[in-house]
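Here is a colleague's note in numbered points, meant to be read alongside the model. Please keep the sequence and the coordinates open while going through it.

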Amino acid sequence: MNTDQQAGIPANRILITGASRGIGAYIAEGLANSSRTLILVARKASHLDPVASACETAGADVCILGCDLSKRESIAQMVKVVLSDGAPDMIVNCAGVSGQEVAPWESDPDQWWQTQLVNLRAPYLIQRGLVPTMLERGGGRILDLSSGAAVTDFETSSDYWTSKTALFRLGSSMHVAGFERGLRVLEMAPGVVQTDMTRHMKMHEGRTQWTDPEDVVAIASAFADGKLDGLSGAFVRAGVDSLGSLIEKSIAGIGGDERRL
């Protein structure tokens, strides 16, 4: 399958990390339909039961996997299980931790590095394990749950900010290396969705306006359906970019450094 054939074909087998709650759960349930198999990943497989049930009710076939994304051996085992039934058509890197809300010099080094293991190394290892087989089949899609942290500066949470900027750069590398072989990569900042993680972050204390999770799901769904392939390598923001404008931009195409690091 060449890149022209790959473009616009919906993804039917989708791997979603961090799918047990928050944005990952919203995306999983939003992508669920009768034509899809969803591979849902969380630290403990049992935590996925409610989301898996909702996805099955929507018609999807569901596989649930427990995986400690901070541990290389656990990721390797998860990848092995996934490949036993064939590579996915799409990877959604949604799992993440928020980091430490302190000045860089006040942060705990071990916790700082733990954030990199989950937010950055885990997507790298998953893609390293799965993308070669995806390319053999003609390509696929990668959706990274990015953040405004990838393109801004902030005085605290340096571990989180660093991880998201690096994830964006990894996504850019995947795009450049795999585009001609059918790989499409999108960096999506979900805005500030009200989740267990954001509710406990100091920076969001007193917040009254939140991003509607439906805006996040709409972009993820459009990308899974092949409607945003023309934005591969780019950064989009749910709650800021309208889906219609993104589809128009995808059709028109982007070039140069537009929406890139």
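1. A residue is called buried under 20% relative accessible area, exposed over 50%, and partly exposed in between. The model is a predicted one. Arg-259, at 30% relative accessibility, therefore counts as partly exposed. Arg-259 sits in the segment after α9 (243-252), and its phi is near 60°, a positive value in a residue other than glycine.

2. The phi of Ser-157 is positive, near 55°, and the residue is not a glycine. Ser-157 occupies the loop between β5 (140-145) and α6 (158-178), and it is buried, with a relative accessible area of 0%.

3. Helix α5 deserves a careful look. The helix covers residues 109-136, 28 residues in all, and reaches 40 Å from its first C-alpha to its last, which is close to the 40 Å expected at 1.5 Å a residue. Even so, α5 bends by about 40° at Arg-121, with a proline, Pro-123, following within four residues. The N-terminal end of α5 is capped by Asp-108, a side-chain oxygen of which lies 3.0 Å from the backbone nitrogen of Asp-110. After α5 comes Gly-138, with a positive phi near 110°.

4. Is Gln-116 buried or exposed? Its relative accessible area is 5%, so Gln-116 is buried. Leaving aside neighbours within four places in sequence, Gln-116 is in contact with Arg-121, Asp-159, Thr-162 and Ser-163. Between Gln-116 and Cys-63, which are 53 residues apart in sequence, the C-alpha to C-alpha separation is 27 Å.

5. Val-131 is likewise found in helix α5, and at 6% relative accessibility it counts as buried. With neighbours within four places in sequence set aside, the contacts of Val-131 are with Ile-142, Met-174 and Leu-183. Pro-88 is 43 residues from Val-131 along the chain, and the C-alpha atoms of the two are separated by 8.8 Å.

6. Ala-103 lies in the loop between β4 (90-93) and α5. Its relative accessible area is 13%, and Ala-103 is therefore buried. Leaving aside neighbours within four places in sequence, Ala-103 is in contact with Glu-155 and Thr-156. The C-alpha atoms of Ala-103 and Ala-54 are separated by 41 Å, the two residues being 49 apart along the chain.

7. Which residues surround Ile-14, once neighbours within four places in sequence are left aside? Ile-14 is in contact with Leu-31, Arg-36, Thr-37, Leu-38, Ile-39, Met-90, Val-92 and Ala-224.

8. Asn-33 is placed in the loop between α2 (22-31) and β2 (37-42), where it is partly exposed, with a relative accessible area of 26%. The side chain of Asn-33 makes a polar contact with the side chain of Ser-35, at 2.7 Å. Leaving aside neighbours within four places in sequence, Asn-33 is also in contact with Ala-58, Gly-59 and Ala-60. Asn-12 is 21 residues away from Asn-33 along the chain, and their C-alpha atoms are separated by 9.2 Å.

9. The last point concerns the cysteines. How many disulfides does the structure hold? The structure holds zero disulfides. Cys-55 is in no disulfide, the nearest cysteine sulfur being that of Cys-63, 12 Å away, whereas a disulfide requires a pair of cysteine sulfur atoms within 2.5 Å. Cys-94 is in no disulfide either, and the nearest cysteine sulfur, that of Cys-55, is 13 Å away. Cys-55 is buried, with a relative accessible area of 0%, and Cys-94, at 13% relative accessibility, also counts as buried.

Definitions and conventions
Residues numbered from 1 in each chain as written. Predicted model: local features only at pLDDT ≥ 70, side-chain atom pairs only at ≥ 80, totals over all residues. Heavy atoms only, no water. Buried < 20%, exposed > 50% of the residue type's maximum accessible area, 1.4 Å probe, protein only. Helix = DSSP H or I, 4+ residues; strand = E, 2+ residues; numbered from the N terminus. Expected span 1.5 Å × (residues − 1). Bend = angle between axes of the 7 residues up to and from the residue. Polar contact = N/O pair within 3.5 Å; in protein donor to acceptor, adjacent residues only side chain to side chain. Contact = heavy atoms within 4.5 Å.
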